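I hope they are handy while you look through it.

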Amino acid sequence: MLRFKDVSYQDPALSESLHQFSKNELDGVLVKNVFDTEQIDFLLRFFQSAKQRLGLQGSVMAHPPLFTNAFQNLKAYEEYYTAYNEILLDFEHKLGKEFFAKISATITSILKLATETHEVISLKHKQSGVAAAAFTFRELCTGEGEFTAHYEGLTFDFYMDFFKLLSPDISTHHMFSFFTVLQKSEEGGELLCFDIPCSRTTQKVLQSNVINDDELGVIDFTTIASDKIIPVQPAAGDLFLFSSALTWHRVSRVTGPSSRITFGGFAAVDVQKATLYTFS
Ligand SMILES: O=C(O)CCC(=O)C(=O)O
């Protein structure tokens with residue numbers, strides 16, 4: 001059974017919960033009330049204006065230029081994502097140093113406690129030296145926006161060539177996701193985690209939300225028994241971190257009038273477990 005825990009950012013039990021996460025005694029921690037309304041509004045306004053400046057429409061997902069460097073067939077997206085990523089990397093200046101430093105320090109202090117590392121660095125591309133944005137915005141628009149069932153371990157095995165281009169070596173088994181909700185949709189856009197083993201080598205994605213597992217057979221994540229589903233319902237300003245490399249999850253299609261907007265990224269420890277690397 002997946003082990004998730006809720007804890008308030010102000011609660012002295014926060015460090016203990018994050019310590020348990022670092023020891024794999026918890027699979028996820030929902031940290032309540034990390035960011036206040038002013039910070040959330042600021043991030044939202046920043047994202048909306050960046051989107052407008054880039055002429056982006058519809059749902060937006062993270063995609064660092066690192067991906068476009070690694071794969072020729074993604075060349076068509078290069079301009080789009082390079083511009084998007086530049087804005088993210090430049091975001092410290094755009095938001096104001098102090099403001100950014102506070103948000104970044106809050107997230108990194110949580111990530112450090114969650115991994116028992118002392119340093120947090122952005123992953124870099126080996127040849128180009130381009131750093132991945134530590135955080136990104138993701139918007140799921142109504143009617144089309146969703147994340148189909150996946151776990152990052154499967155995705156990262158698929159993109160192994162991409163990870164070889166990164167410096168230094170990170171442990172993709174121990175990577176995790178973190179995000180804060182900036183805007184919820186009135187309906188849909190729910191994060192659903194599944195109590196289904198992640199066998200990594202025995203699973204094939206047949207179509208969106210349907211996989212074939214050598215041991216478990218065909219699984220349709222849209223019709224799965226409710227006792228295998230753990231819905232996670234972060235409110236705006238909460239930060240959720242979970243071991244996404246080894247947890248099946250999906251975000252249901254957004255159907256309410258408002259889009260769902262989150263701010264977060266991925267984190268992984270290097271093979272020596274000394275440094276934490278963030279990327280998005
Ligand atoms: O809700 C989000 O922004 C992302 C959820 C997710 O699929 C992930 O972090 O891996």
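Predicted model: local features only at pLDDT ≥ 70, side-chain atom pairs only at ≥ 80, totals over all residues.

**Notes on the model**

1. Let me start with Glu 186, which sits in the loop between E8 and E9; strands (E, at least two residues) and helices (H or I, at least four) are DSSP runs numbered from the N terminus. Glu 186 counts as exposed because it has 12 C-beta neighbours inside 10 Å.

2. Residues are numbered from 1 along each chain as its sequence is written.

3. Which residues does Glu 186 contact, leaving aside neighbours within four places in sequence? They are Gly 256, Pro 257 and Ser 258, a contact being two C-beta atoms, placed from the backbone, within 7 Å. The C-alpha atoms of Glu 186 and Thr 255 are 7.7 Å apart, although 69 residues separate the two along the chain.

4. Across the protein there are eight helices and 17 strands. Of its 280 residues, 35% count as buried. Among contacts with a separation of 6 or more, 79% join residues 24 or more positions apart.

5. Do look at the open sheet of four strands, ordered E6-E15-E9-E13 with antiparallel pairing; strands pair if DSSP finds at least two bridges between them. Strand E6 (147-150) and strand E13 (229-232) are at the edges with a single partner strand each, so one side of each has no neighbour in the sheet. Strand E9 (residues 191-194) and E15 pair over four bridges, and Leu 191 stands opposite Val 251 in E15.

6. The ligand shell includes both Leu 191 and Val 251, along with Arg 138, Glu 152 and His 249, among others; membership needs a C-beta atom, placed from the backbone, within 6 Å. Strands E8 (176-183), E15 (248-251) and E16 (260-269) each give two or more residues to this shell.

7. Finally, the largest nonpolar core has 55 residues, of which Phe 178, Leu 241 and Ala 267 touch the most other members. Such a core is a set of buried Ala, Val, Leu, Ile, Met, Phe, Trp, Tyr and Cys residues joined through C-beta atoms within 7 Å. E16 gives the most to this core, with six residues.

How values were computed: Buried ≥ 20, exposed ≤ 12 C-beta atoms within 10 Å, placed from the backbone.
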